[in-house]
Amino acid sequence: MLVYCDPEEEEEARGKKRPKRTYSFAESIGSNSPRAYTGGFGSGGISRSSSMSSLDTFPRLHFRDHIWTYSQQYVAVEAVEEAAAAVSVGGGEEEDGTADGMRLLQLLVACAEAVACRDKLQASSLLSELRSRALVFGTSFQRVASCFVQGLADRLSLLQPLGTLGFISPAVVAAASGAAAPDEKEEALRLAYKICPYIQFGHFVANTSILEAFEGENFVHVVDLGMSLGLPGGHQWRRLIQSLAGRHGQPPRRLRITAIGLSAEKFCSIGDELSAYALNFGINLEFFVVETNLENLQAEDIKICEGEVLAVNSILQLHCVVKESRGALNSVLQMIHNLSPKVLVLVEQDSSHNGPFFLGRFMEALHYYSAIFDSLDVMLPKYDTRRAKVEQFYFAEEIKNIVSCEGPARVERHERVDQWRRRMSRAGFQLAPIKMMAQAKQWLGKNKVCEGYTVVEEKGCLVLGWNSKPIVAASCWKC
């Protein structure tokens with residue numbers, strides 16, 4: 001079967017004239033044959049011979065088009081194989097449940113292909129069946145599938161006719177997708193912080209690195225790109241204040257914190273609480289707010305005092321500045337470099353959700369969030385409302401943005417740690433290897449993080465994962 005896939009997406013990604021036809025993604029994984037999905041079990045894997053022999057069926061395409069199309073099929077098959085493996089080990093499902101999970105995976109992939117190819121009739125039909133199978137209180141894979149179904153439905157509703165120029169505005173996307181209310185998002189963020197170790201792990205690595213950079217210094221300054229995600233109470237900085245007060249020798253004579261973000265009123269409230277908290281430890285805290293987003297942040301917005309040591313803290317923030325042109329992120333990194341911080345701590349999701357092809361992003365995200373939902377399955381009971389809130393109002397918002405949005409509206413542009421290494425190096429930063437593996441493992445034990453989470457050191461970075469699947473990576477950089 002030969003189908004037309006999204007031509008605008010392919011043309012943008014390839015930067016060249018597109019072929020008139022591409023081979024069906026669903027056929028490459030055998031969507032009509034359940035046996036095609038047995039690659040997640042045993043050692044046989046997914047057969048790729050059919051994909052190779054199918055190249056002969058292409059109607060008069062150039063050789064480079066054969067190679068490009070086959071490479072896309074190969075990447076897609078690899079992604080399906082990984083997702084199938086995740087289904088086979090997730091959520092403690094029995095054999096019947098696993099079979100249902102494989103069928104659900106098959107439907108998801110087929111629906112994603114139909115949406116990518118703008119086949120509204122086929123996509124709508126598949127979405128109807130998916131909604132009856134992807135249950136919010138079902139198995140871990142059913143729950144994660146329900147989030148992807150929402151994203152696919154949103155993307156389908158936002159499809160524009162072929163040849164339409166421009167992007168749909170973020171406001172239209174939010175209205176169409178039924179985005180969570182601010183109060184729901186804030187509560188879900190607080191619950192995610194308490195239940196999942198990812199943000200706390202980032203805070204631990206960041207504070208340890210900042211404390212090391214501030215050793216023996218009397219005048220210290222932290223610039224927080226995003227004020228620790230806007231968490232109420234300033235949890236990260238309370239712990240840093242405690243550590244600075246308890247360090248060897250005397251605490252610093254002055255600690256300055258500059259918060260970057262658009263929630264000035266909330267940040268000021270947090271600043272007042274932190275200032276009072278710091279006084280209890282004999283530390284003079286000065287708190288400043290720069291009300292702007294990262295793309296519009298200028299070096300002159302940040303007041304640097306002579307003789308103070310500067311650290312920059314970025315927890316799950318910089319991926320939002322990554323765009324197709326790369327110019328926005330490069331400008332932000334160059335601006336930070338010009339501030340000459342002693343250390344820049346970078347914590348980001350370690351997954352490839354910024355690829356040029358929708359289907360590739362879809363499968364990467366499905367594998368990544370399946371691991372997260374599996375971990376939640378172990379930590380909380382099936383019908384726990386806290387888990388539902390975290391999944392539906394926190395992680396689901398990320399999933400829907402990855403799946404349904406394009407252009408400026410797509411801000412969840414997560415990239416792997418290797419890509420961040422290249423980006424940081426090009427901006428003039430040098431990696432400062434993190435040497436705290438023993439401390440990180442102690443942190444996991446001290447915080448009673450459930451079995452299944454692992455911390456590994458990878459080329460000077462620390463990566464927190466679930467059952468060998470990387471989730472977040474922390475790295476430190478110097479000018």
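The model is a predicted one. In the protein chain, the secondary structure amounts to 17 helices and eleven strands, and 56% of its 479 residues count as buried.

- Although proline 408 and lysine 323 are 85 residues apart along the chain, their C-alpha atoms are separated by 7.7 Å.

**The chain as a whole**

- Among the contacts in the protein chain with a separation of 6 or more, 76% are accounted for by residues 24 or more positions apart.
- The protein chain exposes about 21,300 Å², and carbon and sulfur atoms supply 52% of that area.

**Helices α14 and α15**

- Helix α14 (residues 358-379) and α15 have axes that come within 10 Å and cross at roughly 170 degrees, and the two helices are therefore roughly antiparallel to each other.
- On the α14 side the residues that meet α15 include Phe358, Phe362, Tyr369, Phe373 and Asp377, while the residues of α15 that meet α14 include Arg387, Glu391, Phe395, Ile399 and Val403.
- Sorted by class, this contact of α14 with α15 has twelve nonpolar and five charged residues, and no polar ones.

**Helices α9 and α10**

- Helix α9 (residues 182-195) packs with α10 at an angle of about 70 degrees, their axes being 6 Å apart, and α9 and α10 are therefore roughly perpendicular to each other.
- In this pair, Leu189, Tyr193 and Lys194 of α9 meet Ile199, Gln200 and His203 of α10, and by class the contact has three nonpolar, two polar and one charged residues.

**The buried side of α11**

- Helix α11 (residues 235-245) has Gln236, Trp237, Leu240, Ile241 and Leu244 buried, and because they cover an arc of only 135 degrees around the axis, they lie on the same side of α11.
- An α-helix has 3.6 residues a turn, so residues three or four places apart point the same way.
- The elements against which the buried residues of α11 pack are the helices α10 (198-213) and α12 (264-279), together with the strands β3 (219-225), β4 (254-261), β5 (284-291) and β6 (309-315).

**Helix α16 and what covers it**

- In α16, the buried residues are Val417, Gln419, Trp420, Arg421, Arg423 and Met424.
- The cover over these buried residues of α16 includes helix α13 (327-338) and the strands β7 (343-349), β9 (453-458), β10 (461-466) and β11 (469-478).
- Glycine 428, which follows α16, has a positive phi, near 100 degrees.

**Alanine 110 in α5**

- Alanine 110 has its place in helix α5 (residues 95-116), and with a relative accessible area of 17% alanine 110 is buried, because buried means under 20%.
- Between alanine 110 and leucine 126, which are 16 residues apart in sequence, the distance from C-alpha to C-alpha is 7.8 Å.

Terms used. Residues numbered from 1 in each chain as written. Predicted model: local features only at pLDDT ≥ 70, side-chain atom pairs only at ≥ 80, totals over all residues. Heavy atoms only, no water. Buried < 20%, exposed > 50% of the residue type's maximum accessible area, 1.4 Å probe, protein only. Helix = DSSP H or I, 4+ residues; strand = E, 2+ residues; numbered from the N terminus. Arc of directions from axis to C-beta. Contact = heavy atoms within 4.5 Å. Areas by Shrake-Rupley, 256 points an atom, 1.4 Å probe, with all protein chains shown as cover. Axes fitted to C-alpha atoms, helices over the stretch in contact; angles between N-to-C directions. Parallel < 35°, antiparallel > 145°, perpendicular 65-115°, else oblique. Nonpolar A, V, L, I, M, F, W, Y, C, P; charged D, E, K, R; others polar.
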